[in-house]
Amino acid sequence: MINIEDVHKRFGDNEVLRGVNAKIEKGEVVCIIGPSGSGKSTILRCVNGLEHYHKGRITINDQLVDSNAKNISKLRTQIAMVFQRFNLFPHRTALENIMEGPIYVKGESKAEAKEHALELLNSMGLADKENAYPPSLSGGQQQRVAIARALAMRPEAILFDEPTSALDPELVGDVLKVMVRLAREGMTMMVVTHEMEFAREVADRVLFFDHGVIVEEGKTADVLNQPQHPRTQDFLQRVLNPIRP
Amino acid sequence: MSTMWSQAGNYLPILLEGVKGTIILTAGSLALSTVLGLIWALMRVSGNKWLATLSEWIINILRGIPIIVILFYIYFVMPDIGFSLSAMQAGIIGLGLAYSAYQSENFRAGIEAVDKGQIEAALAMGMSWPTTMRRVVLPQAFRMTLPPYGNTMIMMLKDSSQASTITVAELAMQGKLLALSTFDNKTVFTMVALIYLVMCLPLILFVKHLERRESKK
């Protein structure tokens, strides 16, 4: 469904992606791990055209992703994105945040959008928060509203860019539980994350990024339990046992 | 003191005529400068290099010419090339143009202060650029722009007096004519100053109210 072929991207002289190849099938959950600055968020942002790439090809259902092309808005409606810092609209209530896309992008009626939005809020355990403004919600609640906002577009896939990195530790679980449920329901997901437990639980595959390339990839259990590449071994060692030498 | 104010009752109706002119002039040029300022600001942030450069030049030219010269140009030079305007029309257009440059910089500052993540979230859900502006960026920029907008309103009210130089019958002009015909400079100009102050007061309070509201957030 998502095809990434030899993608290169640089910021000035800094080459952040140096030939990335990956294929994500429908219904697959793929976790992207790696040290910071390895290009894992950048590739996610290239997939929905928030970043322009300089070389290579990305396609979604065989349609080319080009951030300057006219059809980019249409393509983005098929691929939702959840951000590290939520990026909810602070001037609109939780419910209005979720209804925004269906009404102003897809042209759904208000009644139709509201019914779906209430359903989604309810499934996130936030039925009582429909009239709350984002600044009055906790980080965990905001991220769940953001996931509901993504789902409201009925996307074919969702990109998660470190969705729990900005949360207090005790709120991470609420968000991960929602993501596990989505994965089990068959949603196609690309997840940039440091949550290895989440990866173990639901990811079909893991891609390990380092210095702008995929150094190692494979079935989740294989990569996490028997990493082959020394850099993967080193990274996992640091993440899983942060205080041991 | 009593001699100074004895004629005030006779002067007031003439000066109030001028107040009417000042209000029409200020309201008209405020509306025009708001619309033009918004257009310049949107061109500037459109992401289109040509539009952005054009807007930058318009703003620099308008900022670099004194208001009084812009007024002279519109009122005295335009008729030469076939556009005859009444003094009031020329005043509104001149002040509106001149102030559109400042309005635009206010609006642009407000737009650029909106978190980039907001724009990314809107674009990522498939919103077009115009819809992103209308639904996400401008409503948030509007709040930040209000206090400087209030200040601009006060400055415009006072600068509307410059239109007296092209014979617009506003407050300063009426005052000058009245003073010339009565030689009662002290009374007339004290009254003119007080009337300007009274007109500014509601605006000053409005700005203060907005600033207080913003600081509570």
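Leaving aside its neighbours within four places in sequence, with which residues is A:Ile103 in contact? In this predicted model, local features require pLDDT of at least 70 and side-chain atom pairs pLDDT 80 or more, whereas totals for chains, interfaces and linings use all residues. Residues are numbered from 1 along each chain as its sequence is written, chains are lettered from A in the order in which they are written, and side-chain values use heavy atoms, with hydrogens and water left out.

Beyond those sequence neighbours, A:Ile103 is in contact with A:Glu108, A:Ser109, A:Lys110 and A:Ala113, contact meaning heavy atoms within 4.5 Å. A:Ile103 belongs to helix α3 of chain A, residues 94–104; helices (H or I, at least four residues) and strands (E, at least two) are DSSP runs numbered from the N terminus. The residue counts as buried because its relative accessibility is 15%, the classes being buried under 20% relative accessible area, exposed over 50% and partly exposed in between (1.4 Å probe, protein chains only). A separation of 40 residues in sequence between A:Ile103 and A:Gln143 corresponds to a C-alpha to C-alpha distance of 21 Å.

At the interface, 22 residues of chain A are in contact with 19 residues of chain B. The area buried between the two chains is about 1,700 Å², of which carbon and sulfur atoms give 56%; buried area is the accessible area (1.4 Å probe) that two parts lose on being put together, summed over both. In chain A, the residues losing the most area to chain B are A:Phe89, A:His91 and A:Tyr104, which together account for 30% of what that side buries.

Three salt bridges are counted between chain A and chain B, each defined by a side-chain nitrogen of Lys or Arg within 4 Å of a carboxyl oxygen of Asp or Glu. A:Arg85 forms a salt bridge with B:Asp115, with the closest N and O atoms 3.6 Å apart. On the side of chain A that touches chain B, α3(A) gives the most, with three residues.

Strand β7 of chain A (residues 157–161) is largely enclosed by the rest of the structure, because five of its five residues are buried. A:Ala157, A:Leu159 and A:Asp161 lie on one side and A:Ile158 and A:Phe160 on the other, so that both faces are covered. In a regular strand, side chains alternate between the two faces of the sheet. β7(A) runs parallel to β6(A), joined by four bridges, and pairs in the parallel sense with β8(A) (residues 188–192) over five bridges; pairing requires at least two DSSP bridges between two strands. A:Ile158 is the bridge partner of A:Ala80 and is itself partnered in β8(A) by A:Met189.
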